[in-house]
Amino acid sequence: MDVPRLHVITDETVQDRYGHLALARLALAGGADAVQFREKRPWTTRQLLNVGRAIVAACREANAVAVIDDRADVALSARAGGLHLGRNDLDVASARRILGNAVLIGGTANSYDEAMAVAETDVDYLGVGPVYGTQSKASPAPALGLEALARIACGTPKPVVAIGGITATRIPETMQTGAHGVAVLSEVVNADDPVGATRACRTALLG
């Protein structure tokens with residue numbers, strides 16, 4: 001499976017107009033080829049699974065990839081196409097044993113050294129950032145910057161998906177670093193028109 005290039009991350013905490021599933025459908029309508037279901041609140045496994053399954057179904061209809069954050073068990077039960085792991089989540093080797101080789105696994109990196117270490121594992125791509133900083137996390141890592149992003153993209157054969165403060169206007173310079181794709185959150189979920197915002201990101205990404 002090819003690594004998607006435009007990931008839209010769902011979030012219900014930075015806005016209260018749309019739930020995860022509604023955001024997924026809006027992003028898919030705008031041309032996202034991956035929807036990343038991210039829920040950091042203390043939801044039960046059953047809650048995560050119910051929403052995850054609905055997002056997986058929506059992505060299948062749109063021929064896109066549903067990526068579950070953090071939880072290999074939820075990704076497996078929901079039959080998601082992808083799993084994204086943070087530094088404090090299950091190790092990649094264990095996740096791969098659970099999910100097999102047909103599911104994409106991404107790993108998070110906030111520095112060059114961390115990116116090189118994660119790239120040595122059995123991940124399919126690296127989620128690298130925050131490139132421009134982020135307002136969607138309570139204790140974010142420092143902004144990485146384009147120079148560091150370019151160093152990482154050039155230093156590993158694994159596809160790099162840039163994240164953190166990515167907007168449609170910033171996508172061209174972000175892609176000039178050699179990144180494979182981008183992950184956007186606020187640019188879409190906080191937009192007056194999430195479909196149009198996703199479409200603008202796709203146009204900026206694909207030219």
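1. Let me start with the buried residues of helix 2, which are Leu48, Leu49, Gly52, Ile55, Val56, Ala58 and Cys59. Please keep in mind that this is a predicted model. The buried residues of this helix pack against helix 1 (20–29), strand 2 (34–37), strand 3 (65–69) and helix 3 (72–78).

2. On geometry, helix 2 covers residues 45–61, 17 residues in total. From its first C-alpha to its last it reaches 24 Å, close to the 24 Å expected at 1.5 Å a residue.

3. A disulfide would need two cysteine sulfur atoms within 2.5 Å. The closest cysteine sulfur to that of Cys59 belongs to Cys201 and is 16 Å away, so it is too far for a bond. Cys201 is likewise in no disulfide, and its nearest cysteine sulfur is that of Cys59, 16 Å away.

4. Are these cysteines buried or exposed? Cys59 is buried, with a relative accessible area of 1%. Cys201 also counts as buried, at 1% relative accessibility.

5. Finally, a word on His7, which lies in strand 1 (residues 6–10). His7 counts as buried because its relative accessibility is 1%, under the 20% cut-off. A polar atom of the His7 side chain lies 3.0 Å from the backbone oxygen of Pro4. Leaving aside residues up to four places away in sequence, His7 touches Asp33, Ala34, Gln36, Tyr125, Val161, Val182, Ala183 and Val184.

Conventions. Residues are numbered from 1 along each chain as its sequence is written. This is a predicted model: local features need pLDDT of at least 70, side-chain atom pairs count only at pLDDT 80 or more; totals for chains, interfaces and linings use all residues. Side-chain values use heavy atoms; hydrogens and water are left out. Buried means under 20% relative accessible area, exposed over 50%, partly exposed in between (1.4 Å probe, protein chains only). Helices (H or I, at least four residues) and strands (E, at least two) are DSSP runs, numbered from the N terminus. The expected span of a helix is 1.5 Å times one less than its number of residues. Contact means heavy atoms within 4.5 Å. A polar contact is a pair of N or O atoms within 3.5 Å; within protein, one must be able to donate a hydrogen and the other to accept it, and residues adjacent in sequence count only if both atoms are side-chain atoms.
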